Amino acid sequence: MSQFVLTVTCPSRRGIVAAIAGYLAENGCNIIDSAQFDDLETGRFFMRVGFTPETGATLDALTSGFAATAQAFAMDWAMHDRARKAKVLLMVSNFGHCLNDLLYRWRIGALPVEIVGVVSNHLTYQKVVVNHDIPFHHIKVTKDNKPEAEARLLALVDDSGAELVVLARYMQVLSDAFCTRMSGRIINIHHSFLPSFKGANPYKQAYERGVKLIGATAHYVTADLDEGPIIEQDTVRITHAQSSEDYVSLGRDVEASVLARAIHAHIHHRVFPNGNKTVVFPASPGGYASERMG
């Protein structure tokens, strides 16, 4: 049986949930899971509904029929077929832990996406990518050719139909124009420390300061470097007995895990932009098998 998802953002008011549930029931649909959030500060309402059409209604018919309800509540909304896999373009430089983790999850079916290609400014992971039968694109970036390199990247995004770009430790800064054009469609991962360390060798800096807690943050990319809306975060504790190499190893593990969870939330339509923040609905404990991370 087909499984669809309805996502809704709109001004908060009485009757939204009833209208959605009523429409789905009237069209022979059974709600499987539902999550909602009312932001009292902004007056915005967010909802995600998973449902099955039990009388054979198609996605096109349901989408067309819902338009009147959506207009009445000024909804920003979409209906999605859960069987359709998002097209994802991965980007990497010389650190491959996130790339390798994503390729493994993809290969075993724990990350249900269509990887349309991998872009890198180095050749380090060309063989790894090609061995997975995934197109590899080497786009060298220098201080003199950045506009040309980004033009090639944009062309690749268009030609491949990529719906999401994942910076799996891609160490080049994207232009403001690219970030604006791809708003809400680029996810980045970076380390998180208390306190924070920038520049070269952040894990070594953290070790020298005796940091006891390190972590990672996955966020949407905006023109403000590393300041986009946060999707997922996690931490791991460090003790005085661990070496700087341990910091790096543990940091890589948490970066890979956090990035995978952020992508998972995005492709299953559980992330809703909310100004400088996001609303992220958790996967239902009794939900679809494809929403349980491997």
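Student: Which residue meets Arg169 in a salt bridge through its side chain?

Tutor: In this predicted model, local features need pLDDT of at least 70 and side-chain atom pairs count only at pLDDT 80 or more, whereas totals for chains, interfaces and linings use all residues. Residues are numbered from 1 along each chain as its sequence is written, and side-chain values use heavy atoms, with hydrogens and water left out. A salt bridge requires a side-chain nitrogen of Lys or Arg within 4 Å of a carboxyl oxygen of Asp or Glu. At 2.9 Å, N to O, the residue paired with Arg169 is Glu255.

Student: How many residues apart are Arg169 and Glu255?

Tutor: Helices (H or I, at least four residues) and strands (E, at least two) are DSSP runs, numbered from the N terminus. Arg169 lies in the loop between β8 (164-167) and α6 (176-181), while Glu255 belongs to helix α8, and the pair links distant parts of the chain. Their separation is 86 residues.

Student: Are Arg169 and Glu255 buried or exposed?

Tutor: The classes rest on relative accessible area, where buried means under 20%, exposed over 50% and partly exposed in between, with a 1.4 Å probe and protein chains only. By that scale, both Arg169 and Glu255 are buried.

Student: What separates Lys204 and Glu208 along helix α7?

Tutor: Lys204 and Glu208 form a salt bridge whose closest N and O atoms are 2.4 Å apart. Lys204 is partly exposed, with a relative accessible area of 43%, and Glu208 is exposed at 54%. Because they stand four residues apart in helix α7 (residues 202-208), the separation is about one helical turn.

Student: How many disulfides does a search of the whole structure find?

Tutor: A disulfide is counted when a pair of cysteine sulfur atoms lies within 2.5 Å. The search of the whole structure returns a total of zero.

Student: How far from Cys29 is the nearest cysteine sulfur, that of Cys10?

Tutor: Cys29 counts as buried, because its relative accessibility is 10%. Cys29 takes part in no disulfide, and the distance to the nearest cysteine sulfur, that of Cys10, is 19 Å.

Student: What is the phi of His269, a residue that is not a glycine?

Tutor: Most residues other than glycine have a negative phi. His269 sits in the loop between α8 (244-267) and β12 (271-274), and it counts as partly exposed because its relative accessibility is 24%. Its phi is positive, at about 60°.

Student: In which loop is Ala74 placed?

Tutor: Ala74 is not a glycine, although it has a positive phi of about 55°. Its place is in the loop between α2 (59-72) and β4 (76-81).
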